[in-house]
Amino acid sequence: MMINSKNSKTKMLEQGRRGREGEVELGRDFKEKLAEYTTDGSVDISGQVAAKASTGGWVAAGLVLVNQGLATLAFFGVGVNLVLFLTRVVGQNNADAANNVSKWTGTVYIFSLVGAFLSDSYWGRYKTCVVFQLIFVIGLITLSLSSQMFMLRPSGCGNAKEPCGAHSSLEMGLFYLSIYLVALGNGGYQPNIATFGSDQFEEGDPREAHSKVSFFSYFYLALNLGSLFSNTFLSYYQDEGLWALGFWASSGSALLALILFLCGTRHYRHFRPGGNPLSRVSQVVLAALKKWKVKMPPPGEEDLYELDGKEIEAATTEGSKRILHSEGFRFLDRAALITTTDFTPSGDSTTPNPWRLCTITQVEEVKCILRLLPIWLCTILYSVVFTQMASLFVEQGAAMNTTIVAGFRIPPASMSAFDILSVALFIFFYRRLLQPIAAALRHDPRGLTELHRMGVGLIVAVAAMIAAGFVEHFRLKLARGGNASSLSILWQVPQYMLIGASEVFMYVGQLEFFNEQAPEGLKSFGSALCMTSISLGNYVSDILVTVVMKITGKDDSPGWIPVNLNRGHMDRFYFLLATLTSVDFVIYVICAKWYKCIKIEGKCEEEEEEEEDFSD
């Protein structure tokens, strides 16, 4: 009996051990199964949880990068020489052409807000990209047809020697309709394609998170490489008067970009749209206003409302995440402060009135937007500097000696190829050399933060304007000494290279910053902020040129930027921009020190643990 009892006990222990091993094995299998799918709320085209093996990653992101390169080629095939098209084909003067290009470029990026709103609220990023790319293609085809059939008359006109004749109101109307269709299509597509590409990487996966950070650099590189063809070959043919050929090449590139994008449909990861953000923001503002007489408890003692239990799980399945409460803008905290009048009876329970009581996450979304705005405003003046590359830099180059060797002539707009080469060079320079050095010096694996890099971009932009001002100063000195167009256009290389370097720090950092700091339901809006700063930069440039010309063009004076640049003082305009950007940098530093980063539940805790581990 003793032996039997021992055998029985041994068997029971063995069964228990095997049971525990089985549970461990089941747990391991479950974790392995879970690792096969994304956990950030992304889904495939069928609406199922996205499988990592068949969706997302660099396969899907690679298609997005190629799409971006081709679409950029198409867009800059129109934009890079538009100022010359307006002067040579339409017959506008330099100031009017530069202002119209600034307005058109600004409108492109204003439309980015439309695309971002539709994407975040209703359509999702994939559908929004498809619809606006289709509009983009239609606009380019219409532009190609109108130019070939109506604008380029007499035949062979539009080069530097033979301007085109007058055009009817109907012909001009069709031309403006086509270029603003291009603006609508490209503007609505741009903020969504950047965010859609970053969606292909799961931030919770360490390997994919690293790839996500790299994606924005490669995205901006693809953008610039796409424009390289436009700024060289297409620009050369258009400068020779072959405008229709250039526009048809842009149309073909845009169509190919759309086809390739559609080919990757089954490989993409998607996030469901989060609903109208305007209603969520309005609810917070109105709820806070309704409670403006309610006395707020001391900080840390507030009874603030947030979802819990199954409600959180339901929210996170949609890809949304809770945002932790932050100090500042305490007036808005009233919207989440629980009072007895906030709940309305509903069946057997009470539910909060969304126009009287909002969640902490909802309130923090509004706070996040308010904190982003000062940083965003400081980037607008940088965009004023950036937009000179497509207007005044081209006009300055046209007044210089464009022949370099053996009769080969560089079209003024093609000089932006040096900007593109500078972008490519400095992206690899930053990622391979500067970032590791900065990480070692700052004891931070990120190296320079996005805010640091944007500040560096402003400093380099100041240097670019000073370089452009000195080049123009010496060009004017030679021109007024009887040596008009004797200064080689290659003297513009430093200012283009400096602009390219500043873009790597400012625009790549800006894309990363707004994508990371925007709330989950407003990611496309975050990218649109970057685009909109370029838009407002173009409008501010337009206003600045107009004001400068009115002030400096009094009493029969030609002003700083006349039709004949040799009679003006465009160098002073460049130095004015350098001064304004320097002041903007000081204001930016103050705003950056004041800014508080968004704190996401789970992600915030992981980052704090990583920082503790690193410091140890």
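1. F585 is partly exposed, at 25% relative accessible area. The classes are buried (under 20%), partly exposed (in between) and exposed (over 50%), with a 1.4 Å probe and protein chains only. F585 sits in helix α18. Leaving aside residues up to four places away in sequence, F585 touches G455, L458 and I459; contact means heavy atoms within 4.5 Å. F585 and L458 lie 127 residues apart along the chain, yet their C-alpha atoms are separated by 6.2 Å.

2. This is a predicted model, in which local features need pLDDT of at least 70, side-chain atom pairs count only at pLDDT 80 or more, and totals for chains, interfaces and linings use all residues. Residues are numbered from 1 along each chain as its sequence is written, and side-chain values use heavy atoms, without hydrogens or water.

3. Confidence comes next. The chain averages a pLDDT (the predictor's confidence in each residue, from 0 to 100) of 83. Of the residues, 88% score at least 70. Helix α18, residues 570–594, has the highest confidence in the chain, at 95. Helix α19, residues 603–615, has the lowest, at a mean of 41.

4. Two stretches need a caveat. Over residues 312–319 the pLDDT stays under 50, and the model gives this stretch 9 contacts beyond four places in sequence. Residues 604–616 are also below 50, with 5 contacts in the model beyond near neighbours in sequence.

5. On the overall fold, the chain has 19 helices and 4 strands. Both are DSSP runs numbered from the N terminus: H or I, at least four residues, for helices; E, at least two, for strands. Of the 616 residues, 52% count as buried. Take the contacts between residues at least 6 apart in sequence: 81% of these join residues at least 24 apart. The chain exposes about 28,100 Å², and carbon and sulfur atoms supply 64% of that area.

6. How many disulfides does the structure hold? It holds 1 disulfide, taken as a pair of cysteine sulfur atoms within 2.5 Å. The pair is C157 and C164, with S to S at 2.0 Å. The link of C157 and C164 is right-handed, with 85° about the S-S bond. C157 counts as buried because its relative accessibility is 1%. C164 is buried too, at 14%.

7. Two further cysteines deserve a line. C263 is exposed, because its relative accessible area is 57%. C368 is in no disulfide: the nearest cysteine sulfur, that of C597, is 9.5 Å away. At 5% relative accessibility, C368 counts as buried.

8. A nonpolar surface patch covers about 920 Å². Its residues are F229, F233, Y236, Y237, L242, L245, I404, V405, F408 and L490. Patch residues have over 30% relative accessible area and no salt bridge; nonpolar side chains (Val, Leu, Ile, Met, Phe, Trp, Tyr) are joined within 5 Å, like charges within 9 Å. A salt bridge puts a Lys or Arg side-chain nitrogen within 4 Å of an Asp or Glu carboxyl oxygen. Areas are Shrake-Rupley values with a 1.4 Å probe; for residues, only the protein chains shown count as cover.

9. Which element gives the patch its largest share? Helix α7 does, with 4 residues. Both α7 (206–239) and β3 (403–405) supply at least two patch residues. L490 belongs to the loop between α15 (450–480) and α16 (493–517). L490 is partly exposed, at 38% relative accessible area.
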